[in-house]
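Here is a friendly briefing on a two-chain model, arranged by topic. Have a look at the structure first, and then we can walk through it together.

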Amino acid sequence: MEHPRRRFSDRVFDAIPGYLTVQDRDFKVVEANDAFKRNFGDHTGKYCYQIYKHRPEKCEDCPVERTFRDGQKHRSDEIVTTIDGRKVNVLVYTTPIFDDDGKVTEVVEMSTDITEIKQIQKQFRDSQARYHQLFEESPCFISIQDESLNVVDANRLHRETFGVGYGDKCYTLYKHRDKECEPCTVRKTFKDGEARNHEEVVTSLSGEPINVLVHTAPLRNADGEIEKVIEMSTDITQLRQLQDKLSSVGLLIGSIAHGIKNLLNGLDGGIYLVNTGLKKDDRGRIDKGWEIALRNVRRIRSMVMDILYYAKDREPNWEEISTFEMVEDVCKIMKERAESQDIDFSYELDGEVGDFEADKQAIRSMLLNLIENSIDACRIDTNKSDHHLVVRLKGDADKVIFEIEDNGIGMDRETREKAFSLFFSSKGAGGTGLGLFIANKIAQAHGGSIDVQSEEGKGCHFIVELLRRRPDIEEIKENSEPTSGGE
Amino acid sequence: MADKKKILIVDDEPDIVEWFSTLFEDNGYSTISARDGFDGFEKAESEMPDLITLDITMDKESGVKMYRKLHDSEKTNKIPVIMITGVDPQFKQFIESRKQVDPPAAYFEKPVDKDELLSKIKELIG
């Protein structure tokens, strides 16, 4: 008959959810609980390593062996295989059983199934890696800052754009400043834990200004204290550029309306002179009035052409142009117009200049704009009685060069510097601020440039240089950022 | 008839000077003209016109500056000034909000209605 006490400990032994075995010095399993038997089968006459690991000999690092050797408890992480081939992660604890002489006779090994924990750990690691990847590859600048505004972590885009060295101050990286910005949103977020948005202009490593929308948020530890602040900045430079463009369209409309009002005023004047001239049968007055009317109609026409060119923002329509023929044609038209204003018009064109590649329509209107500008500069100049205008055409192997020189009102330094800005006009009511802007834009679209030399009261000298061969389109785009502003 | 009333036309656009002088002369006034604010102020002082039409948007010296100079000079501050502006109507409000300068006698927006302009001149100087 079994001892009742013994039966109770057997029941406890069997009730333990882990895999419990008792092993002798040869690692033979001498006892095992129910859970073990269910998962690993009959252990009679078998060794631990055979059952758990399906191997022919003892494991190299065996916790049971260590307990036999030193009489201490040990633990280890193992992967074991059940009778039906299932891999189980187990946490193993070994405990010695001593005889009366204090010698270890057997070792109890308890293995707890931690497969689920292992899985959760793996999932955690995976998700951490995913978050890190998200952080790294986000298309915005992300930095994590400590309370002293040191950047302690930054994502790839941030590092590439601002060249982070960990521990650099935020304001040094973003703004190349020695002192903290005032106010600093990261600081505010540290203080009250509120997320914030604001807009900034920061400067990249290469000195490029970048408009950013900055979002700050607190990073709290397990106790809810704010340890770091994350700063995420989205590049909105393109958006701002688009906005600038839109607002310049608004300005353009205002400027057009203004220009049209002036031209209508001039037209009214011309009509008045013609009408009253007819009534009085005054031939001189009719001629004068008709001339004024024609001039203002012509100005309206060229303004409309300019607006169309501005509105389209088109790529040049490249073709081979006979330079001499085109310029001569333009000069013939403009000579008549200049001489009707008592302006002496001459041209010196090199007949050997040859062909070049360009948008014929655009180059024509560029030349017309420039010459018209010079005619106006002479017409409104009251300080001299003799006015002249010279157009020259030259060329070398790589370039064709157009020059337009007049002795009109000229420009002071400020006017010269703003001459090609959108909506800047020095002609008061006479100008829309579009002509030279468009002329310059056309030259730039062809990879060329317009230079102006001028002195107030003395006249202007415009020099247009265009490449003979179509340049690389990308290069042009980089070099012809819109010039806006002006007056 | 006694001496014709004299009008000074200040505008940097020759077409407008041509138009206004013909228009005013046709209606019994004599005219003189200036192309910018400097010249305009000089002529106002030396010729003492009965009325001035003044363009706002001129390059060299703006109409606003010239108006201020006319206003500050004892000699010329009684001459009625008609401002001709291509700028939007808000300009009128702006000028009138300046306390140190009295508003001009009248404003005309471009394109100018010639009949209204003439009747205003008649009202001001006869």
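B:Pro111 sits in the loop between S5 and helix H5 (114-125) of chain B, where helices (H or I, at least four residues) and strands (E, at least two) are DSSP runs numbered from the N terminus. The peptide bond that joins B:Lys110 and B:Pro111 is cis, with omega about -5°. This is a predicted model, in which local features need pLDDT of at least 70, side-chain atom pairs count only at pLDDT 80 or more, and totals for chains, interfaces and linings use all residues. Residues are numbered from 1 along each chain as its sequence is written, while chains are lettered from A and ligands numbered from 1 in the order in which they are written.

**Backbone details**

- Chain A has a cis peptide bond from A:Glu182 to A:Pro183, with omega near -5°, and A:Pro183 lies in the loop between helix H7 (170-175) and helix H8 (185-192) of chain A.
- A:Asp342 has a positive phi, near 65°, and belongs to the loop between H11 and strand S12 (343-349) of chain A.
- B:Met48, in the loop between helix H2 (37-47) and S3 of chain B, has a positive phi near 45°.
- A:Asp342 counts as exposed because it has 11 C-beta neighbours inside 10 Å, and B:Met48, with 13, counts as partly exposed; the cut-offs are 20 or more other C-beta atoms within 10 Å for buried, 12 or fewer for exposed, and partly exposed in between, with C-beta atoms placed from the backbone.

**The sheet of chain B**

- Five strands form an open sheet in the order S2-S1-S3-S4-S5 (chain B), with parallel pairing; two strands pair if DSSP finds at least two bridges between them.
- Strand S2 (30-34) and strand S5 (106-109) of chain B are at the edges with a single partner strand each, so one side of each has no neighbour in the sheet.
- Strand S1 (residues 6-10) and strand S3 (residues 51-55) of chain B run parallel and are joined by four bridges, with B:Ile7 opposite B:Leu51 in S3(B).

**Contact between the chains**

- Chain B brings 20 residues to the contact and chain A brings 23 residues, a contact being C-beta atoms, placed from the backbone, within 7 Å.
- On the side of chain B that touches chain A, H1(B) gives the most, with eight residues.

Technical notes
Contact = placed C-beta atoms within 7 Å.
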